[in-house]
Amino acid sequence: MSYIDLVLIVLLAGSVAAQVNLYADCCEPYCYKEDENPYLFLGTKTAYEFVNGKSSNQHIVPYCRPVQFWSFNRHGTRYPNIETIKAFENLQKLKENVYRNYEKHGSYPDTGKLCEKDLEVLSRWQWNRSTTESVANELTQQGKDDMRFLARRYQTRYPEILRTPYSNQHFEFRYTESQRTRSSYEAFAEGLFGTDVYKSQAQPMQNDEVTGKYKSCDAWQRNVKDNPDTLMELNKFKESDAYKRVIAHVSRRLGFKFTLNQTLIENMYDMCRYEKAWYVNRVSAWCTAFTKEQLKIMEYAEDLKYYYTTGYGSELNYKLGCPAVKDMMERFQRIINGAKNETKAVFQFTHTESLQLLLVSLGMYKDNNHLTANNIEPRRQWRTSTLTPFSANLVAVLYRCNEGEKDRVMFFLNEKPVDYPGCHKIIRMLCIGLILTVILSTTFAARIDLNVPDNNYCYAEDDNPFLYFATKTSYDFIHGADWNQHIIPDCKPVQFWGFNRHGTRLPSDSSISQLQSLESVKEQVLNNYKNLVPNSKVGRLCEKDLDLLKGWKWNTSITEDTENMLTSEGWEELKQMAIRYKKWYPELLDVPYSKQNFEFIWTSSERTESSFHAYAQGLFGNDYLQAEGRVNDTLLKAYKTCKKWKETVDDNPDTYIEVYKFLASPAFQNVISEVSARLGFKKALNKVLIDNIYDMCRYEQAWNPHKKSPWCSAFTKEHLEIIEYAEDLSYYANNGYAIEMNSKIGCLPLKDLMEKLEIYINGNRNQPKVSVYFTHSSALQLLMNAMSMNKDDLPLTADTMDQHKYRMWRLSFMVPFAANLNATRQKLKLFLVGYRYLLSYHRWGVRAPEPPKYRGPPRIWIRAAVKVLRSLQ
């Protein structure tokens, strides 16, 4: 054997060993179709629907009014370019090979193969032949809709500037020389002006004059774009074991016994994310090829690419966004100087790279350390999925104020406020020589002069603290466990129907990251008190409150992997509830489990399924795992599947007008300033931070009902009542009586209840006697709306809090964690002319002298419910 032969054998053996190592732990069991919380952060192809802050109400700056609006927008969701379209067409053949691997060859892995539902989704996939080269890079319908709705939401937030007829003196629109940015402008203008959109005018941006001229900048082309070192970290990452393992595992998961070409895997990923952006409510077939962790790795690869081409990875990138910054600052300066004819609203439509370069020039979302191939930081700030998805937008609003500093600027990225201290100093440092020296607010716009509280409330010493925290209220504080009116004389229960909210849960992923940041806030508060001047007007925490706060630490076991999961307290709530109901109705509930007697349904979420298991344990003890059920989102989350409701209510910015008014009221603004003062700050904190403190207070109080949360010490009882009313007002609009359509959405579970009762009355005894459902806060509110429960004579508005001190619509008592609405059919024991039935309802959590009772012909109720449901179609 020659030396060369020996070397070849060694190399081949090494290659095989490497392949074996890559396949060693293949593959992770995962079913995309069944995942109620799939991974939706797909880099620059992320759908705007998944990351925007459309429900944010942080645009209100106390004692200020907006005077100028400036925005920099990425185009909406688009079709791929010609080259990518051709690559996607080839996926048709790959799909057929995958199906053959599974159905004919059986070459799938022992673990981690595609589940049956995923395989079915993939087998039904067809390339849309209408997506041809003629539509390459053009805007999709979803892209147009995103732009229209974005315009309407900003119009609702800033009616002083944006809800006026079009004139070229007031509005200015510009877009780059591409079809997708022009179409984005047209859709946005339609959202602002409706049928008068034809009056609007726009001009293409010649030579990318405001976008930074990166395409025409020779230095950038030479030193960044065409420099092979630019993508060095990306290339290293694609050669890493982590990335290669994704390629190998995806190949194996699809039934191939060899590793597919990396480009082919990346085409699958692109198809996955394009389809998810085109059709946000559908399952994307090619996403079934990836697990969540694999999608995170693919996302990071794209983050690395943009970090070094248009992000903080190149020094030159800091300068390329400066022309846009200069344009913004000069416009603001002219308004500050008293210009009368200055344009009040400026909209520019451009591309991903331009927006990223602008963020870099502004110093926004900069990580402490560079992104590298060797370290995936899950909580990095530079994340293209959240920074520059389709339809991404950076908005700057100039405010004129009556108190404090006269002129202030507030920034929003994708409709979420940017906490941006010292912004003008950063801008001048980065864009020296390009920007006028402009004196604006030295800090984020929401910092205002304080209204110092008069009282010295001590939360730690209060034996009767305020415990009503709207939808995050602990069930322990409001339930009717001692209530004994379930007994109806001369009757016996023959049927039980329950509609339950899930138990106490952990926060969402986005909330977890915000609540973790309170560690640094705590240190600031303690430092404030350490340096407090004697007899200072600020600082109202008593010593015991301060001691509580000193001992607080974030629970590090709460991570993004545990988001929205049921807590141990939540499990006990449902378990003990079931035990109590079993004691009340032993004829129905204190019997062994059987499918003939019991029906359980939950939504496609972990917390509702866990609530079912906890409830079943309360009923059946150690045999609870025998209990079975099913998912039914159509019944239990009708508000999520009803397109008409989503457009008319949920996505309609006018829905929240009363909420915005209340948040701008002196009462609510005083809460912000007084809480800031209690924590020792001389300037008012951002409302987002106040919200985080409030959420931490109420989450901890729900997780441990008998232990005081240190963060509740930031508020007085009056503060908590005002914040509670704000949330009541929000849900009153979104799920309550403020909008007529809400009453119709709750008819679906009401129809289910009535039909089950009707079947039983008509003599069919084969159906389960017990039906128990597990759902969410909104579904329960909408059902109560449909049944006209908890309806106030006077509608809730921003101005009527004083009149609603004893309101019926109060979420703390209606829909706390583990809230439940239960109905029992009672049969009279006395023989009259045939049998009579009484229907009684039990609302735990609503303290009333007696439960609401509904008597009447169920057939009429059913017909009414059906009629309403048909009107929604």
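Predicted model: local features only at pLDDT ≥ 70, side-chain atom pairs only at ≥ 80, totals over all residues.
Student: Let us start with strand E9. Is E9 covered or open, and how many of its residues are buried?

Tutor: Strand E9 covers residues 598–602, and five of its five residues are buried. Take the two faces in turn. Phe598, Phe600 and Trp602 lie on one side, Glu599 and Ile601 on the other, and all are buried.

Student: Which strands pair with E9, and in what sense?

Tutor: E9 pairs with E11 (residues 770–775) in the parallel sense, over five bridges. In that pairing, phenylalanine 598 stands opposite valine 770. E9 also pairs in the parallel sense with E10 (residues 630–631), here over two bridges. Tryptophan 602 faces valine 631 of E10.

Student: What unit do E9 and E10 make, and which helix belongs to it?

Tutor: Helix H23, residues 606–620, belongs to it; E9, H23 and E10 make a right-handed β-α-β unit.

Student: Now the charged residues. How should I read a salt bridge, and how many are there in the whole structure?

Tutor: Side chains of opposite charge can pair when their charged atoms come close. A search of the whole structure finds 49 salt bridges. One of them joins glutamate 628 and lysine 595, with the closest N and O atoms 3.0 Å apart. Glutamate 628 is in the loop between H23 and E10, and lysine 595 is in the loop between helix H22 (586–589) and E9, so the pair ties together parts 33 residues apart in sequence.

Student: Are these two residues buried, partly exposed or exposed?

Tutor: Glutamate 628 is partly exposed at 43% relative accessibility. Lysine 595 has a relative accessible area of 53% and counts as exposed, because the cut-off for exposed is over 50%.

Student: Which parts does the salt bridge between glutamate 461 and lysine 544 tie together?

Tutor: In that pair the closest N and O atoms are 3.7 Å apart. Glutamate 461 lies in the loop between helix H17 (423–430) and strand E8 (491–501), and lysine 544 lies in helix H20 (residues 543–550), so parts 83 residues apart in sequence are tied together. Glutamate 461 is partly exposed at 48%, and lysine 544 is partly exposed at 47%.

Student: What about lysine 522 and glutamate 523?

Tutor: Their side chains meet in a salt bridge at 3.7 Å, N to O. Lysine 522 is buried, with a relative accessible area of 6%, whereas glutamate 523 is partly exposed at 45%. Salt bridges can also form a network: Glu172, Arg174, Asp327, Arg331, Arg334 and Glu342 are linked in this way.

Student: Where is serine 777, and what does it contact?

Tutor: Serine 777 is in helix H33, residues 777–786. Serine 777 is buried, with a relative accessible area of 8%. Leaving aside neighbours within four places in sequence, serine 777 is in contact with Thr471, Arg501 and Val815.

Notes. Residues numbered from 1 in each chain as written. Heavy atoms only, no water. Helix = DSSP H or I, 4+ residues; strand = E, 2+ residues; numbered from the N terminus. Buried < 20%, exposed > 50% of the residue type's maximum accessible area, 1.4 Å probe, protein only. Contact = heavy atoms within 4.5 Å. Pairing = 2+ DSSP bridges. Right-handed = clockwise from strand over helix to strand, strands pointing away. Salt bridge = Lys/Arg side-chain N within 4 Å of Asp/Glu carboxyl O.
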